[in-house]
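Please look over the model below before reading on.

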Amino acid sequence: MDFREELIKILKKVIKEEFSGFIEIPPDKNLGDFALPCFFLAKKLKKSPHQIAQELKDKIKLNEAFEKIESVGPYLNFFVNKKYFVKEVLSEILKKKDKYGAQKQRKKVMVESPGPNTNKPLHLGHVRNILLAKGYCGTMRFLGNKVTQVDIINDRGIHIMKSILAYKKFGKNEKPKIKGDHFVGKYYILYNKKLKENPSLEKEAKELLRKWEQDDKETIKIWKLMNSWALKGIRETYKKFNLKIDKTYYESETYQAGKQMVFDGCKKGLFKEDSDGSIYINLDKDLGKKVLLRNDGTSLYITQDLYVARKRFQEYKGLDLCVYVVASEQDYHFKVLFKLLELLKVKGAGKCYHLSYGLVNLPEGKLKSREGTTVDADNLLDEMINLAKRELDKRVKLDKVEKEKRAKEIAISALTFFLLKQDTFKDILFDPNESISFEGDTGPYVQYTYARASSILKKAKLNKKINYNLLEEPIEYGLIKKLSLFGEIVLNSGNNYNPSFLVRYLIELSHTFNEFYHLCNVLKSEKDLMVARLAIVSATKQVLSNGLKILDLKPLEEM
RNA sequence: GGGUCUGUAACUCAGCCUGGAUAGAGUGCCAGCCUUCUAAGCUGGAAGUCGCGGGUUCAAAUCCCGUCAGGCCCA
């Protein structure tokens, strides 16, 4: 039952004006479950809000879903029938289990992430991208959509040539003894180091790119070799993060495409030729002038992206939404891209969305791959796994396999919650000394809460005959209220492209459960009460599990 | 120069879209709680000119205008 809708029905009988938008949740639970501030009626009725609240209180007739109304100053506060509510919520969760909170949206969604470059290993920014995309994909699947995850490999361009050039000059045909992406990345850093001594390297890199574009045999050969090393390493990292890609696009295969679309735009009179021979468009005041094809005829990122977008909507019939998970640096790029799709009336126009996320900065500033001042994804995960192992050693004795498994799950939970808990579009400050924490509002805290719930349920069986009427503690009611919000949270999370809603909810739910845990001893309760409380524990465990799985985290039965 | 995002406790952040009842968390700090369902936990406390200045409103952290500072992008 939707208590809010029920309340609206009741109020409609006594209030003629539109009021549903004014209904709110009181700041304090002692003030009830819903509130209606009466200010909006004051002018029309020419009475004080205070007086209106009092008068309305006497007119309203409640049904079984609500137990009382109070007027406090200008507010009307409504209290739901707790016994009724408790039974409704808990029995629904226990019945629907892993479907609790799910929907049937039935849309076809494509999500692009993480789009690595083949000149360097993945860093913390990519980790944010990967985990964010996972959170979003998981949410959308839970809401009943069909999600296809695609990747685009940035395997061409001047930056790729730089690592190749350094390898050619200084690599002495060395074969990688370390992970391939790290090996290639080493040469990218080396290039930038050597560039400071010898600025002519830049010309050489450009020359190499020209050769590559002209299909120079030797250049293509070494490019293929180094890319294969890099990609092998990158895919190992994907595996560590349990990332699965349904389809991969390669920039080297599409970078020339899209030119025809630009020419078509010219024919339609949308685009114009500049005096220097380049093709451009004047967009609105905010977006300004944008070049679409250089005067030497080579295409730009935007050109190929036009093509790729169209291609996707042609290949995937009935695609409803294409989401690009790309850092906020590219905000402008995507605004232009989507605008152009619209102007060209390309299939898929209006169905694309840029899921923009903030950068991850270190206390000393931006991550810079070319200088090697990044937080490497592999090292970070390994470090966190080791930390988790040390914490486990303090508490339990485990065999090697189990310890490895738990430590990895703890580490990934910690990273997921750390990177997703704040608003997606905001920059994150990563302080290695403080950010890697397993206490407070963290993934391990939520996992720990889940393990606690599991532990109780292992020691006592949930009976089928549950007397919900015995649940009378305020904290029990508070916890059940929190549980009842899950579906709405997931829905908002998906609709707003923002997994942080879900992440913060899971933390809050854990807080509430832990309060309950300390205030109400389950196993020592009198028998019928114990059974009723076991129902709460079981329902909490279920909701935490549903939430963690959406984020592609595996709930830990023990910690 | 233009666009865009951000500015809330010592630190990291919610709350702003959709204005309302004493501005919330976590970390850190102080004081408590393990012979009791896992202390990766719980309770209490100290800590805030909501960047600054105007405006709208019965009511502004929230909406509008201006301004300062920072990030990112474009030229």
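This is a predicted model: local features need pLDDT of at least 70, side-chain atom pairs count only at pLDDT 80 or more; totals for chains, interfaces and linings use all residues.

Residues are numbered from 1 along each chain as its sequence is written, while chains are lettered from A and ligands numbered from 1 in the order in which they are written.

**The α18 and α20 pair**

Helices (H or I, at least four residues) and strands (E, at least two) are DSSP runs, numbered from the N terminus. Helix α18 spans residues 474–484 and helix α20 residues 500–519; their axes come within 9 Å and cross at roughly 155 degrees. Axes here are lines fitted to C-alpha atoms, for helices over the stretch in contact, with angles from 0 to 180 degrees between N-to-C directions. The crossing angle makes α18 roughly antiparallel to α20, a term used for angles over 145 degrees. On the α18 side, Ile475, Glu476, Gly478, Leu479 and Lys482 take part in the contact. Their partners in α20 are Glu508, Leu509, Thr512, Phe513, Glu515, Phe516 and Leu519. Contact means C-beta atoms, placed from the backbone, within 7 Å. By class, the residues of this contact are 6 nonpolar, 2 polar and 4 charged. Ala, Val, Leu, Ile, Met, Phe, Trp, Tyr, Cys and Pro count as nonpolar, Asp, Glu, Lys and Arg as charged, and the others, Gly among them, as polar.

**Helix α21**

Helix α21 (residues 527–550) has 24 residues. From first C-alpha to last it reaches 35 Å, close to the 34 Å expected at 1.5 Å a residue; the expected span is 1.5 Å times one less than the number of residues. Of the 24 residues in α21, 18 are buried. A residue is buried if 20 or more other C-beta atoms lie within 10 Å of its own, exposed if 12 or fewer, and partly exposed in between, with C-beta atoms placed from the backbone.

**Backbone features**

Lys172 counts as exposed because it has 7 C-beta neighbours inside 10 Å. Asp552 is partly exposed, with 19 other C-beta atoms within 10 Å.

Ser113 and Pro114 are joined by a cis peptide bond with omega of about -5 degrees. Pro114 lies in the loop between β4 (108–112) and α5 (124–142).

Methods. Angles under 35 degrees count as roughly parallel, over 145 as roughly antiparallel, 65 to 115 as roughly perpendicular and the rest as oblique. Two residues are in contact if their C-beta atoms, placed from the backbone, lie within 7 Å.
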